[in-house]
Amino acid sequence: MRVQKVRDEDCLVFILTENKLVKSYRFYGARHPVITQGFKLDFELEGGGVFLPHLRNTMHLGFKWLFERERLLVWQHFMRLLYEHLKDVEEPGNFYYNLLDVCAYKFEKQNPKRVIIEAYLQILDFEGRLHKDIYCFLCNQKIKGELSLARGFLPSHISCLNKTKFLHQDITKLFSSKKCAHISDNDIDSLYYIVLEGL
């Protein structure tokens, strides 16, 4: 999920496993393959008593789309968002890992922004933060016409937030189905920019 340089070429590597967010130390060596953010890894951990466990014997488990720059960038942006969201949780459970696993397979054939938006909706729903009743989070009044969305897809009146407009029926359907096939490409771009604001 994250690779952070510490000194020389050594780095801290944060890896999401099925049940844990592992923080490990990676020594630099000429024979060591580069660790890339967003790649699926096979790895071993050694030690970890006083200091962090050492990351050893790593191998990237690839997907074809990793060589497509645009797809990789969308994926890595999502990794950064999810890392920031989970960084203080040692055992987040298997929901996030399983979600990323499914997304990685969808990335090969589907529009990556649509995959990420649907994943974002699933996370909000899993965490109980998806507002399916369309009330303005600023004035707490029901929204009847067009609406705007803030970070976390919080709905609001356009007059309260003054951001991009979305059709009420599109957002209602999006929140209930957590699928975005009915959303136009222009609105997908707008929704994706909201995703980039954070979870």
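I will go through one hairpin and some of the salt bridges in this predicted model.

On the conventions: residues are numbered from 1 along each chain as its sequence is written, and side-chain values use heavy atoms, with hydrogens and water left out. As the model is a prediction, local features need pLDDT of at least 70 and side-chain atom pairs count only at pLDDT 80 or more, while totals for chains, interfaces and linings use all residues.

Strands here are DSSP runs of E, at least two residues long, numbered from the N terminus. Strand β6 covers residues 147-150 and runs antiparallel to β7, residues 154-157, with 4 bridges joining them; two strands pair if DSSP finds at least two bridges between them. Ala150 has Leu154 as its bridge partner in β7. There are 3 residues between the strands, and Gly152 takes a positive phi near 75 degrees. In β6, Leu147 and Leu149 point one way, Ser148 and Ala150 the other, and all are buried, that is, under 20% relative accessible area with a 1.4 Å probe and protein chains only; over 50% is exposed, and in between is partly exposed.

Now the salt bridges, meaning a side-chain nitrogen of Lys or Arg within 4 Å of a carboxyl oxygen of Asp or Glu. The count is 11. One of them joins Glu46 to Arg56, with the closest N and O atoms 3.0 Å apart. Glu46 sits in strand β4 and Arg56 in strand β5, 10 residues apart. Glu46 is partly exposed at 37%, and Arg56 is partly exposed at 25%.

Lys132 meets Asp125 at 3.4 Å, N to O. Those two and Lys178 are linked in a network of salt bridges.
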